[in-house]
Amino acid sequence: MDLPRRGLSFSRITYHADVTQCLGGLNPPQPWYIVVAAPTSSVSDYPQQQQLTAFKVPHGTAIKFKQGTWHAGGSGGGGGGGGASQAG
């Protein structure tokens, strides 16, 4: 997936109720950034800002999210990604 560069900010966060998801960065060869919140059982349990945690992920590392994990980002360098919307 090639995400547009949006800086280190996001305005929407993604939720997948019925599937797990793996994200990783291979190209370009640099760290990438992800923001996550603990899994919930419903899209109506939208996370609050204080429930979000940001990570700088080393190049070549992949992350597997459990069902219901909220996440935004997933792009390398200065790209914030995070353009995904709530999805149930």
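A residue counts as buried under 20% relative accessible area, as exposed over 50%, and as partly exposed in between. Asp-45 has a relative accessible area of 37%, so this residue is partly exposed.

The confidence of the prediction comes before the details. Average pLDDT for the chain is 79, and 75% of the residues score at least 70. Residues 77–88 are a stretch where pLDDT stays under 50, although the model has 49 contacts beyond four places in sequence for them. Where pLDDT is low, the predicted coordinates should not be read in detail.

The overall layout is simple to state. The chain has 6 strands and 0 helices, so that its pattern along the sequence reads β-β-β-β-β-β. Of its 88 residues, 31% count as buried. Among contacts with a separation of 6 or more, 81% are between residues 24 or more positions apart.

In soluble globular proteins, nonpolar side chains tend to be buried together. In this model the largest nonpolar core is made of 6 residues, namely Leu-23, Trp-32, Ile-34, Val-36, Val-57 and Phe-65. Strand E3, which covers residues 32–37, gives the largest share of this core with 3 residues. A second core is separate and has 5 residues, among them Ile-13, Tyr-15, Ala-37 and Trp-70.

A pair of aromatic rings is described by the distance of the centres and the angle of the planes. The chain has 2 aromatic pairs. In one of them, Tyr-15 and Trp-70 are tilted, with 4.6 Å from centre to centre and 35° between the planes. Tyr-15 belongs to strand E1 (residues 14–15) and Trp-70 to strand E6 (residues 70–76), so this pair ties together parts that are 55 residues apart in sequence. Both Tyr-15 and Trp-70 are buried.

Trp-70 also pairs with Tyr-46. The ring centres of Tyr-46 and Trp-70 are 5.2 Å apart and the planes stand at 75°, so this pair is edge-to-face. Tyr-46 is in the loop between E3 and strand E4 (53–57), while Trp-70 is in strand E6, and the pair links these distant parts of the chain across 24 residues. How do the two differ in accessibility? Trp-70 has 0% relative accessibility and therefore counts as buried, whereas Tyr-46, at 35%, counts as partly exposed. Tyr-15, Tyr-46 and Trp-70 form one aromatic cluster.

Asp-45 lies in the loop between E3 and E4. Not counting residues up to four places away in sequence, Asp-45 touches Thr-40 and Trp-70.

Thr-69 is located in the loop between strand E5 (62–65) and E6. Is Thr-69 buried or exposed? Its relative accessible area is 9%, so Thr-69 is buried. Beyond its neighbours within four places in sequence, Thr-69 is in contact with Thr-14, Tyr-15, His-16, Ala-37 and Pro-39. Two of these names, Tyr-15 and Ala-37, are also found in the second core. The side chain of Thr-69 reaches the backbone oxygen of Lys-66 at 2.9 Å. Thr-69 and Thr-20 are 49 residues apart along the chain, and their C-alpha atoms are separated by 8.3 Å.

Ser-11 provides a contrast in accessibility. Ser-11 is placed in the segment before E1. With 65% relative accessibility, Ser-11 counts as exposed. The C-alpha atoms of Ser-11 and Ala-72 are separated by 8.8 Å, and the two residues are 61 positions apart along the chain.

Conventions. Residues numbered from 1 in each chain as written. Predicted model: local features only at pLDDT ≥ 70, side-chain atom pairs only at ≥ 80, totals over all residues. Heavy atoms only, no water. pLDDT = per-residue confidence, 0-100. Contact = heavy atoms within 4.5 Å. Core = buried A, V, L, I, M, F, W, Y, C linked by side-chain atoms within 4.5 Å. Buried < 20%, exposed > 50% of the residue type's maximum accessible area, 1.4 Å probe, protein only. Helix = DSSP H or I, 4+ residues; strand = E, 2+ residues; numbered from the N terminus. Phe/Tyr/Trp six-rings, centres within 6.5 Å; stacked < 30°, edge-to-face > 60°. Polar contact = N/O pair within 3.5 Å; in protein donor to acceptor, adjacent residues only side chain to side chain.
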